[in-house]
Amino acid sequence: YCFRQRNISLRPIRTIAELKYYATLFSNCSAGYADRIVAGNSMIFVAVDRRQPKKPFYMLEYNPHTERIVQCRGYDNKDATAIRRLQVFANNGFRL
């Protein structure tokens, strides 16, 4: 899975090493989700501005069984506010 619209890319974390990298970058506990990901019970995505790929906006956990977003977090494990998420995605052509 990979979604792109204008300048925003939403793509899955591909490896455990990449998961650890983003967990460190975001200062959150997402690296602890490795077992869930391997078991197919969770997917972690990262939202990035394609012009600045080293400065991601959010990490997003998706449950493939319920087809729902479980959580969306910013830096320091802060919950990404609904308004901010909508601004980032809507300003880049995503329709929710």
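Reader: Which residue in β4 does Phe45 stand opposite?

Author: Bear in mind that this is a predicted model. Here β3 and β4 run antiparallel, and five bridges join them. In that pairing, the β4 residue opposite Phe45 is Leu60.

Reader: And how many residues of β4 are buried?

Author: β4 covers residues 58-63, and the strand is mostly covered. Out of its six residues, the number buried is five.

Reader: What stands opposite Glu61 in β5?

Author: β4 also pairs with β5, again in the antiparallel sense, over five bridges. In β5, which spans residues 68-73, the residue opposite Glu61 is Gln71.

Reader: Which residue in the turn between β4 and β5 has a positive phi?

Author: These two strands form a hairpin, with four residues between them. In that turn, a positive phi of about 60 degrees belongs to Glu67.

Reader: Let's go back to the start of the chain. Which residue takes a positive phi in the hairpin of β1 and β2?

Author: Strand β1 is residues 3-5, and three bridges join it to β2 in an antiparallel run. The hairpin has two residues between the strands, and the one with a positive phi, near 50 degrees, is Arg6.

Reader: Which residues of β2 point the opposite way from Ile8, Leu10 and Pro12, and are they buried or exposed?

Author: β2 is mostly covered, with five of its five residues buried. Ile8, Leu10 and Pro12 point one way from the strand. Pointing the other way, and also buried, are Ser9 and Arg11.

Reader: What is the bridge partner of Leu10 in β3?

Author: β2 pairs with β3 too, in the antiparallel sense and over five bridges. Within β3, residues 43-49, the partner of Leu10 is Ala47.

Reader: Which residue just after α1 takes a positive phi?

Author: α1 takes in residues 16-26. Just after the helix, a phi of about 55 degrees turns up at Ser27.

Reader: How much accessible area does the nonpolar patch of Tyr21, Leu25 and Tyr75 have?

Author: Tyr75 sits in the loop between β5 and α3. A patch member needs over 30% relative accessible area, and Tyr75 is partly exposed at 35%. Tyr21, Leu25 and Tyr75 make up this surface patch, and together their accessible area is about 270 Å².

Reader: Zooming out, what pattern does the chain follow along the sequence?

Author: The chain has three helices and five strands. Read along the sequence, they follow the pattern β-β-α-α-β-β-β-α.

Reader: What share of the contacts with a separation of 6 or more comes from residues 24 or more positions apart?

Author: Of the chain's 96 residues, 39% count as buried. As for contacts with a separation of 6 or more, the share from residues 24 or more positions apart is 48%.

How values were computed. Residues are numbered from 1 along each chain as its sequence is written. This is a predicted model: local features need pLDDT of at least 70, side-chain atom pairs count only at pLDDT 80 or more; totals for chains, interfaces and linings use all residues. Side-chain values use heavy atoms; hydrogens and water are left out. Buried means under 20% relative accessible area, exposed over 50%, partly exposed in between (1.4 Å probe, protein chains only). Contact means heavy atoms within 4.5 Å. Two strands pair if DSSP finds at least two bridges between them. Patches are made of residues with over 30% relative accessible area and no salt bridge: like charges are joined within 9 Å, nonpolar side chains (Val, Leu, Ile, Met, Phe, Trp, Tyr) within 5 Å. Accessible areas come from the Shrake-Rupley method with a 1.4 Å probe; for residues, only the protein chains shown count as cover. A salt bridge is a side-chain nitrogen of Lys or Arg within 4 Å of a carboxyl oxygen of Asp or Glu.
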